[in-house]
Amino acid sequence: MLLNKTLEDLKNSLKQLPGVGDKTAQRYALHLLNSDKGHVLSLADSIKQAVEKHDNCSSCNILSDTEPCPICLDNSRDGKLLCVVENTYDVYLLEQTGDYSGYYFVLGHLLSPMDGYGIDEINLSQLAKVVEERDVEEIILALNPSTEGETTITLIAEELGKNNNRKITRLSTGLPFGSNIEYTSSVTLSNAIQRRYSIT
Ligand SMILES: [Zn+2]
């Protein structure tokens, strides 16, 4: 049986979610219709409220329901450190480690001119301004070790690495914990041997 227009629209909206393909989207759409109407409408309302109340912080671009965001307002953080990430989700992941106490800057996208994401789309001039204004001493590039990530890292290092008093670092790209060398890709193994560190 074919889905009617309303259900087809719902399915297509659900397909925008990460990891949701055609079949899963159809299952979710029918599941929502079969569920308690009150619960589903309350879910729809929560989504609406969250989307309407959140915007990018004007300083760091983190999605926040306050302006500026709570991290930019937190004076107890280490102002010498600025961690550059692709999106707000990465900020949550880094915060959960409990190992970082500096500020953040969200690029929004990685550099990928073929897909329409050039220098202007990754907010590079805004990043340069924040780095100057905050007198940052270390910029940590916490970006994906992918082709786009590497291109972005190279560009930022070229643009912001001219100041000798400022350090630019990147996350190590070694072997993941619990992994097995036998099943590691040669790129990962190559990175791991190049970025080896002393244990004595
Ligand atoms: Zn902020």
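In the predicted model, Leu-82 stands opposite Tyr-103 of strand E4. Strand E3, residues 78-85, pairs with E4 in the parallel sense, and 5 bridges connect the two. Helix H5, formed by residues 88-97, packs on the sheet and touches both E3 and E4. The direction of H5 makes about 160° with that of E4.

A further helix, H7 (residues 147-160), also packs on the sheet, where it touches E3, strand E5 (138-141) and E6. The direction of H7 makes about 170° with that of E6. The sheet to which these strands belong is open and has 4 strands in the order E4-E3-E5-E6, with parallel pairing. In general, the strands of a sheet pair through backbone hydrogen bonds, in either a parallel or an antiparallel arrangement.

Helix H7 is also packed against helix H6, which comprises residues 124-134. The axes of the two helices come within 11 Å and cross at roughly 45°. This angle makes H6 oblique to H7, and the crossing is right-handed. On the H6 side, the contact involves Leu-124, Leu-127, Ala-128 and Val-131, which meet Leu-155, Ile-156, Glu-159 and Leu-160 of H7. An α-helix has 3.6 residues a turn, so residues three or four places apart point the same way.

Helix H3 was examined for its length and its start. With 17 residues (37-53) at 1.5 Å a residue, H3 should span 24 Å, and the C-alpha atoms at its ends are 24 Å apart, which agrees with that expectation. At the start of H3, a side-chain oxygen of Asp-36 reaches to within 3.1 Å of the backbone nitrogen of Gly-38.

Most residues other than glycine have a negative phi, and most peptide bonds are trans. Glu-67 and Pro-68 are joined by a cis peptide bond, with omega at about -5°.

Conventions: Residues numbered from 1 in each chain as written. Predicted model: local features only at pLDDT ≥ 70, side-chain atom pairs only at ≥ 80, totals over all residues. Heavy atoms only, no water. Expected span 1.5 Å × (residues − 1). Polar contact = N/O pair within 3.5 Å; in protein donor to acceptor, adjacent residues only side chain to side chain. Pairing = 2+ DSSP bridges. Contact = heavy atoms within 4.5 Å. Axes fitted to C-alpha atoms, helices over the stretch in contact; angles between N-to-C directions. Parallel < 35°, antiparallel > 145°, perpendicular 65-115°, else oblique. Left-handed = near helix turned anticlockwise from the far one by under 90°.
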